[in-house]
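Subject: Structure for your review

Dear colleague,

Please find the structure below, handed over for your review. My notes on what was found in it follow.

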Amino acid sequence: MRKLILMITFFYFLNAQEYVITKYIDEKPIIKISYKGPAEVKKIIDIDFKVLDHFDIKDNAPFSFEFFYNKNTKTLTVKYLKNDNIFLIKKYRSKSFAYFPFLVHRAIYDINEYFKLPSAKFLIRKVIYSVLTAPKEASIYLSDYTLSYRRRIISGGLNIFPKWADDRQSTIYFTKYERVPTLYKYNLYTGKREKIISSPGLLIVSDVKGDKLLLTLAPKGQPDVYMLDLKSKKLRKITNYPGIDVNGKFWGDKIVFVSDRYLKPYVFEKDLKTGYIKRILYHGKNQIGVDAYQNNLVISSRETANEFKTNTFNLFLVNSEDYLKRLTMKGQNSYPNFSVDGSSIMFIKRENFISKIGIIRLGENKIFYYPLTKKLQSFDW
């Protein structure tokens, strides 16, 4: 068990001047917002518009939107007005009051779509995360991106490394430590649990691309990156190094992964056709996490070498043309995770013994934080 905990801790940290980019909305639509209902619903409305940053909200505007939440019917009503005339009414309903953050996210996503503004899919994505609750115990929760809505979906035992299995966000993969680590596929709507594969040592799904999974396995003690084809049931070993290769991500015709083949962990790429492997980012003391979206990568890199105090890990945006941009400046910034549309990056920031979720809005040049009450083991959105 001690070796298992060390492996989990290693993988946990592998995923351990602010960002500047030209804004892509030259003139924001000017709108007016009004609201009636519980204060907690208004709080989420304000958060969404602030994080989205696509609108200029003023008291006088040609377009106005009236929000009303009825707690008895659990319905959010949004009236679209132009020059004080209602031209559209949308209603959003749920079975429980607790689900209201998702109603708000959908409503503001629809307003963004009405104005044909850049993608805001991050608003309506669900977040899945694992929380360590006790020794050898971890539960998996479903949440919205602000972590305002929380619902425990899997408990009992050590349930870790959840990963979305489909674009509809109806199923997840997760690892459960039983006699040997076992990967399961779980349907959030039916509760059906399907065993995928078991392996001694370490078993983590790090990326999903259709019917293909990238796994970190350590059947003989040394972790490597494997690819599992769910249709053919074939398991292919992608890396073969007598050290640590983990956290594989699909990147076009390549994969990227973290390896200690330079004695310290750095991010490498491997061409799946030629087998050629090379290091990607020559910056920092070492690199502990990576995620990919189209031709872009976000990498967490350690920039200090403090022996007796906390080190700084910053996030960098890299692309296949060797473009490099710093995203953060201080603290321990890890677990970088692109949104489904690539417009945002979610990560965990640790600073002064406090942990919080960070969201970088790439086009808007802004970062937002939400405090964490518990220590997240891992997450996906």
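A salt bridge here is a side-chain nitrogen of Lys or Arg within 4 Å of a carboxyl oxygen of Asp or Glu. The model is a predicted one, in which local features need pLDDT of at least 70 and side-chain atom pairs count only at pLDDT 80 or more, while totals for chains, interfaces and linings use all residues. Residues are numbered from 1 along each chain as its sequence is written, and side-chain values use heavy atoms, with hydrogens and water left out.

Salt bridges

By this rule there are 15 salt bridges. One of them joins lysine 273 and aspartate 253, at 3.7 Å from N to O. This pair links distant parts of the chain, 20 residues apart: lysine 273 is in the loop between β19 (264-271) and β20 (277-279), and aspartate 253 is in the loop between β17 and β18 (254-262). Helices (H or I, at least four residues) and strands (E, at least two) are DSSP runs, numbered from the N terminus. Lysine 273 is exposed at 68% relative accessibility, whereas aspartate 253 is partly exposed at 49%. For these terms, buried means under 20% relative accessible area, exposed over 50%, and partly exposed in between (1.4 Å probe, protein chains only).

Aspartate 53 and lysine 28 form another salt bridge, with their closest N and O atoms 2.8 Å apart. Aspartate 53 is buried at 7%, and lysine 28 is partly exposed at 28%. Lys28, Asp53 and Lys366 are linked in a network of salt bridges.

Within helix α2, lysine 42 and aspartate 46 are four residues apart, which means that about one helical turn separates them. Their salt bridge has its closest N and O atoms 2.8 Å apart.

Nonpolar cores

A nonpolar core is a set of buried Ala, Val, Leu, Ile, Met, Phe, Trp, Tyr and Cys residues joined through side-chain atoms within 4.5 Å. The largest has 48 residues, and Ile357 is among those with the most contacts inside it. A second, separate core of 14 residues includes Ile280 and Val318.

Two strands pair if DSSP finds at least two bridges between them. Strand β11 (residues 181-187) is antiparallel to β10 (residues 171-177), with seven bridges joining the two. Three residues separate these strands in a hairpin, and tyrosine 177 has proline 181 as its bridge partner. On β12 (residues 193-198), β11 pairs in the antiparallel sense over five bridges, with tyrosine 186 opposite arginine 193. Six of the seven residues of β11 are buried, so this strand is largely enclosed by the rest of the structure.

Individual residues

Asparagine 337, in strand β25 (residues 332-338), is buried at 7% relative accessibility. Its side chain makes a polar contact with that of aspartate 380 at 3.2 Å. A polar contact is a pair of N or O atoms within 3.5 Å; within protein, one must be able to donate a hydrogen and the other to accept it, and residues adjacent in sequence count only if both atoms are side-chain atoms.

Asparagine 247 has a positive phi near 60° and is buried at 1%, whereas glutamine 294, with a positive phi of about 50°, is exposed at 59%.

Kind regards
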